[in-house]
Amino acid sequence: MSTKPLAVAIMGPTASGKTASALAIAERIPSEIISVDSALVYRGMDIGTAKPTREELAAVPHHLIDIIDPLDSYSVAQFRKDTLRLMEEISARGKLPLLVGGTMLYFKGLADGLDDLPGADPEVRAALDQEAARLGWPAMHARLAAVDPETAARLAPADSQRIQRALEIYTLSGKPMSELLALREKTELPFELLSFALEPSDRAVLHDRIARRFDIMLADSPNGNLMTEVEALRKRGDLHLGLPSIRCVGYRQAWEYLDGTIDYAAMRETGIIATRQLAKRQLTWLRSMPERVAIDCLGPDPAGTMLAQITSKLG
């Protein structure tokens, strides 16, 4: 038996029911939820990120939601620092920390510790941006695949931010990012982390969920919809497509539609496709985590299955 306090991770692709499962568990076990989602950190981005409702936020304490402005960035290092502090505070209150989300890089950074990669270099980044403007990011992705196939395999050809970072690391160090990450020492967590992964037994059903949820985001509601939300962000005047916040799935496509570069039908189609691609990458990350407990998110009671194992751990 571990002498460390227990924490529970509920991971999964988008639209797999992570929030609903976490709330169901919190009804039975005193808990607080730590969001593990790189989009939920942004204020003013609620509909397109499927943020928990006011009622859900009121039912269970939530953390790391609405903590930064869309103009700012939030690093894995900052997430790890904040999360370790929150886990300790929640445990001290006699509650169970529930880490809930789909940003696998955050989960990996928390569990494995931080890497010793070279820092950002403005000159290298500027040079890479110039090349990308000339060749396109898919060509830069192909270049990355030639020097670091492992990293390239888990990145989409249009994922400019991460492709740039991986090429920057290779340029500065002469070594692939995957090799440098493999060399780092594993950092032991001060918690026993029980990790669940909500994975679909039928990918087509998840794809249908994603499409229906995207259509709900586009539909009118008392709080507006995705388009009115993006219009409000655009009116600020200081946000643009180069920011991580505006590159979030859904927001990028809505922004391009409002720019007039694509029509409404193309915006909806590419938004759904991009979300499905995100889910595919999330599932690829999950299947590289041997310590996870895989649970069918389409099963009759995923929360009940998790609850039984958590109760057993708590004794």
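This is a predicted model: local features need pLDDT of at least 70, side-chain atom pairs count only at pLDDT 80 or more; totals for chains, interfaces and linings use all residues.
Which helices and strands each supply at least two residues of the lining of the second largest pocket?

View 1. The unreviewed UniProt entry puts a "binding site" feature at Thr14, Ala15, Ser16, Gly17, Lys18 and Thr19. Ala15 belongs to the loop that runs between strand E1 (6-11) and helix H1 (18-28), while Lys18 is already part of helix H1.

View 2. Ala15 counts as buried because its relative accessibility is 12%, and the cut-off for buried is under 20%. Once neighbours within four places in sequence are set aside, Ala15 is in contact with Leu206, Arg209, Ile210 and Arg213.

View 3. Arg212 sits in helix H10, which covers residues 203-218. Count along the chain and Arg212 is 197 residues from Ala15, yet the two C-alpha atoms are 9.8 Å apart in space. Arg212 has a relative accessibility of 46%, so it counts as partly exposed.

**View 4. Lys18 and what it touches.** Is Lys18 buried or exposed? Lys18 is buried, since its relative accessible area is 12%. Leaving out residues up to four places away in sequence, Lys18 touches Ile10, Met11, Gly12 and Pro13, and also Val100, Gly101, Gly102 and Leu198. Zoom in on Pro13 and you'll find its backbone oxygen at 2.9 Å from the side chain of Lys18.

**View 5. The second largest pocket and the residues around its centre.** This pocket has a volume of about 690 Å³. Its lining is made up of 26 residues, and the closest to the centre are Lys108, Asp112, Ser288, Met289 and Glu291. Sort the lining by type and you get twelve nonpolar, six polar and eight charged residues.

**View 6. Who builds the lining of the second largest pocket.** Back to the opening question: the elements that each supply at least two lining residues are strands E1 and E5 (192-199), plus helices H4 (104-112), H7 (149-153), H9 (177-183) and H13 (264-286). Helix H4 gives the most, with four residues. Strand E1, one of these contributors, is also the strand at one end of the loop that holds Ala15.

Conventions. Residues are numbered from 1 along each chain as its sequence is written. Side-chain values use heavy atoms; hydrogens and water are left out. UniProt positions are given in the numbering used here, feature names are shortened, and annotations may be inferred rather than shown by experiment. Buried means under 20% relative accessible area, exposed over 50%, partly exposed in between (1.4 Å probe, protein chains only). Contact means heavy atoms within 4.5 Å. A polar contact is a pair of N or O atoms within 3.5 Å; within protein, one must be able to donate a hydrogen and the other to accept it, and residues adjacent in sequence count only if both atoms are side-chain atoms. On a 1 Å grid over the protein atoms alone, a cavity is a set of points where a 1.4 Å probe fits but cannot get out, and a pocket is an open set with protein on both sides within 12 Å along at least five of seven lines; lining residues have an atom within 4 Å of a point. Grid points are joined across faces, edges and corners, and a volume is the space filled by probe spheres set on the points. Ala, Val, Leu, Ile, Met, Phe, Trp, Tyr, Cys and Pro count as nonpolar, Asp, Glu, Lys and Arg as charged, and the others, Gly among them, as polar.
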